[in-house]
Amino acid sequence: MSARMRLALLLASSLAFPTVVTAQRQSDTEAINRLIDQYGELEDKMDMNGQAKLMIPDRVWIAQGGGRRTDQVTNMRIQQANFDALKKQVPGVETFTEDRDRLIKFHGNGQVAIASFYRYTTFVLPPNTPAEVLERVTAPPPAVATLVLEKRDGSWKIVHTHFSNLASN
């Protein structure tokens with residue numbers, strides 16, 4: 001093979017490489033968006049056991065007013081207990097979670113991603129909800145969320161979660 005031919009092949013392959021990286025990045029972005037969608041859907045179902053499957057066992061969780069929790073099992077038990085109490089207090093309550101304006105950045109050779117978005121949660125209370133309960137039960141305030149995700153065995157998992165309120169409740 002001539003030097004000119006090798007140079008042409010080298011240039012052609014170097015131009016194709018960014019396309020492969022871009023396609024992989026797009027695939028990872030889509031996978032992370034699906035995970036964020038699941039995260040919100042499971043929140044709406046009030047299913048913290050299901051949500052825990054999206055995370056690593058030692059995920060760190062930080063929330064304004066909620067502190068920092070490093071024991072994932074205990075954290076999810078607390079969150080599930082809060083949802084169970086809400087369902088007992090307001091039978092038929094529904095929640096709707098919207099995660100808007102997502103921004104996903106990749107680091108560590110594409111094995112780590114940081115996703116940030118705005119989370120809006122709406123509670124819909126049944127019409128027969130007593131007035132005193134209506135006064136006490138409010139949806140969480142709008143928040144900015146940051147997730148750190150790591151690709152493990154081909155799947156994205158949440159390793160760190162941070163919520164900061166945009167407004168007071």
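Two rings of Phe, Tyr or Trp, the six-membered ring being used for Trp, are taken as a pair if their centres lie within 6.5 Å. By this rule, one aromatic pair is counted in the structure shown above, which is a predicted model. In general, such a pair is described by how far apart the ring centres are and by the angle of the planes.

The largest nonpolar core has 32 residues, and the members that touch the most others are Ile32, Leu86, Leu147, Leu149 and Ile158. Two or more residues of this core come from each of the elements α1 (3-44), β1 (55-63), α3 (72-89), β3 (94-107), β4 (112-124), β5 (143-152) and β6 (155-165). The biggest share is that of α1, which gives five residues.

Apart from neighbours within four places in sequence, Leu147 is in contact with Ile36, Tyr39, Ala113, Ile114, Ala115, Phe117, Ile158, His160 and Thr161.

Is Met55 buried or exposed? Met55 counts as buried because its relative accessibility is 6%, and the limit for a buried residue is under 20%. Once residues up to four places away in sequence are set aside, Met55 touches Tyr39, Gln72, Met76, Lys157 and Ile158. Met55 and Thr161 are separated by 106 residues in sequence, while their C-alpha atoms are 9.6 Å apart in space.

Empty space can be explored as well. As a general idea, a probe the size of a water molecule is rolled over the atoms to show where space is left. In this model, the largest pocket holds about 900 Å³ of space. Its lining is made up of 32 residues, and those nearest the pocket centre are Glu43, Trp61, Asn82, Phe83 and Pro140. The elements α1, β1, α3, β3, β4 and β6 each give two or more residues to this lining. The greatest contribution to the lining is made by α3, with seven residues.

Helix α3 also contains Asn75. With a relative accessible area of 1%, Asn75 is buried. Beyond residues up to four places away in sequence, Asn75 touches Arg59, Trp61 and Arg69.

Conventions: Residues numbered from 1 in each chain as written. Predicted model: local features only at pLDDT ≥ 70, side-chain atom pairs only at ≥ 80, totals over all residues. Heavy atoms only, no water. Phe/Tyr/Trp six-rings, centres within 6.5 Å; stacked < 30°, edge-to-face > 60°. Core = buried A, V, L, I, M, F, W, Y, C linked by side-chain atoms within 4.5 Å. Buried < 20%, exposed > 50% of the residue type's maximum accessible area, 1.4 Å probe, protein only. Helix = DSSP H or I, 4+ residues; strand = E, 2+ residues; numbered from the N terminus. Contact = heavy atoms within 4.5 Å. 1 Å grid on protein atoms, 1.4 Å probe; cavity = no way out; pocket = protein on both sides within 12 Å on 5 of 7 lines; lining within 4 Å. Points joined across faces, edges and corners; volume = space filled by probe spheres on them.
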